[in-house]
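Please look at the sequence and the structure shown below before you read on. The questions that follow take up a few features in turn, and each answer works towards the value or name asked for.

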Amino acid sequence: MNDKKIMVSVVMTTYRHELYIREAIESILMQQTNFEFEFIIADDCSPDNTLEIIESIIDKHPKSYRIKYFRQEQNLGMQKNGIFAFEKCSGKYTAFCEGDDYWTDPLKLQKQVDFLEENPDYVICYHKVKVLQNGVLKEDSITQKAAETTTIKDLAKGNYIHTCSVVFRNNLFDNLPAYFYKSPVGDYFLHLLNARYGKIKFHDESMGVYRLHENSVWSSKTQAKREQIWIGFLKKIRKNFDKEVQEILNDQLKQYIDLRNQRRLASLKKNIKRFLFFKRNK
């Protein structure tokens with residue numbers, strides 16, 4: 001494949017996804033496009049059978065020539081492995097799909113790229129997804145009220161873009177901020193950085209599935225841990241944006257701090273009630 005003709009780089013990071021990786025990979029290889037795309041898979045030294053499954057697909061699938069497979073010699077962690085894969089992209093556009101998610105529409109890439117090609121004032125395009133949990137497909141809650149067009153000011157209020165739904169213009173700026181390399185929330189930060197350069201398009205059509213399971217990086221964390229991550233993250237990223245966006249991020253930060261304080265207060269009240277109960281009945 002001639003890299004100069006590549007329109008889209010599809011990035012898939014994977015770690016311990018042996019139960020899901022085949023479906024994920026095949027959903028990318030089924031894409032029907034009138035342009036070339038490359039498929040970058042970065043395996044973060046999975047200790048299960050992920051390697052064997054990927055090698056089998058590369059060996060047997062008729063469209064495996066699109067795949068550029070990298071296996072880390074040691075586990076780097078989600079963010080470092082993701083940056084490694086992202087830096088391998090050579091396409092005009094980049095799309096993400098993690099190794100436990102999958103796409104459902106064979107024309108997904110074509111639809112999103114067609115829109116971005118025809119609308120240069122847009123830099124990000126995303127769509128609805130289904131959420132798969134315990135074998136049941138559910139509606140995507142975070143995009144239920146999404147507007148067809150949004151901007152960085154909307155995105156700064158909170159992330160509404162599922163990773164497996166996004167296609168964005170590559171190389172909008174030269175260098176990633178230093179904090180990006182250790183950020184615990186990579187995709188949202190990247191979307192905000194890209195949104196400085198144009199508008200965001202929402203396709204009100206489900207073209208992928210986001211899978212929730214016990215090993216999901218985010219959903220497996222406690223509420224307290226999520227609050228801690230978001231508070232630290234929002235404090236760090238603010239300086240990369242103009243004053244108006246900083247103020248919106250500050251509002252989001254305040255909401256997380258308020259949630260944390262409310263949870264702590266509720267926990268304290270519960271502990272006091274428990275203490276008084278045992279004291280009375282001692």
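**Reading the model**

Q: In which helix does Asp154 lie?
A: Asp154 falls within the stretch of residues 152-155, and helices (H or I, at least four residues) and strands (E, at least two) are DSSP runs numbered from the N terminus. The model is predicted, so local features need pLDDT of at least 70 and side-chain atom pairs count only at pLDDT 80 or more, while totals for chains, interfaces and linings use all residues. Residues are numbered from 1 along each chain as its sequence is written, and side-chain values use heavy atoms, with hydrogens and water left out. The element that holds Asp154 is helix α5.

Q: How far apart in space are Asp154 and Ile248, C-alpha to C-alpha?
A: Along the sequence, Asp154 and Ile248 are 94 residues apart. Asp154 counts as partly exposed at 28% relative accessibility, because buried means under 20% relative accessible area, exposed over 50%, and partly exposed in between (1.4 Å probe, protein chains only). From C-alpha to C-alpha, the distance between Asp154 and Ile248 in space is 8.7 Å.

Q: What distance separates the C-alpha atoms of Leu132 and Glu98?
A: Leu132 belongs to strand β6, which covers residues 122-133, and with a relative accessible area of 13% Leu132 is buried. Leu132 and Glu98 are 34 residues apart along the chain. The separation of their C-alpha atoms is 14 Å.

Q: How many disulfides does a search of the whole structure find?
A: A disulfide is a covalent bond between the sulfur atoms of two cysteines. For the search, a disulfide is a pair of cysteine sulfur atoms within 2.5 Å. Over the whole structure, the number of disulfides found is 0.

Q: Which cysteine has the sulfur closest to that of Cys97, and how far away is it?
A: Cys97 is buried, with a relative accessible area of 1%. The closest cysteine sulfur is too far from the sulfur of Cys97 for a bond. That sulfur belongs to Cys164, at a distance of 5.7 Å.

Q: How far from Cys125 is the nearest cysteine sulfur?
A: Cys125 is buried, with a relative accessible area of 0%, and Cys125 takes part in no disulfide. The nearest cysteine sulfur is that of Cys164, and the distance is 13 Å.

Q: How many salt bridges does the structure hold?
A: A salt bridge is a side-chain nitrogen of Lys or Arg within 4 Å of a carboxyl oxygen of Asp or Glu. In this structure, the number of salt bridges is 15.

Q: How many residues apart in sequence are the parts that the pair Glu38 and Lys68 ties together?
A: The side chains of Glu38 and Lys68 meet in a salt bridge at 2.7 Å, N to O. Glu38 is buried at a relative accessible area of 0%, whereas Lys68 is partly exposed at 29%. Because Glu38 sits in strand β2 (residues 36-43) and Lys68 in strand β3 (residues 67-71), the pair ties together parts whose separation in sequence is 30 residues.

Q: Which residue is linked with Asp105 and Lys111 in a network of salt bridges?
A: Asp105 and Lys111 meet through their side chains in a salt bridge of 2.6 Å, N to O. Asp105 counts as buried at 12% relative accessibility, while Lys111 counts as partly exposed at 28%. The network that links these two also takes in Glu205.

Q: Is Glu148, the partner of Lys201 in a salt bridge, buried or exposed?
A: The side chains of Lys201 and Glu148 meet at 2.6 Å, N to O. The pair links distant parts of the chain, with Lys201 in strand β10 (residues 199-212) and Glu148 in the loop between β7 (136-139) and β8 (149-150). Lys201 is buried, with a relative accessible area of 9%. At 52% relative accessibility, Glu148 counts as exposed.
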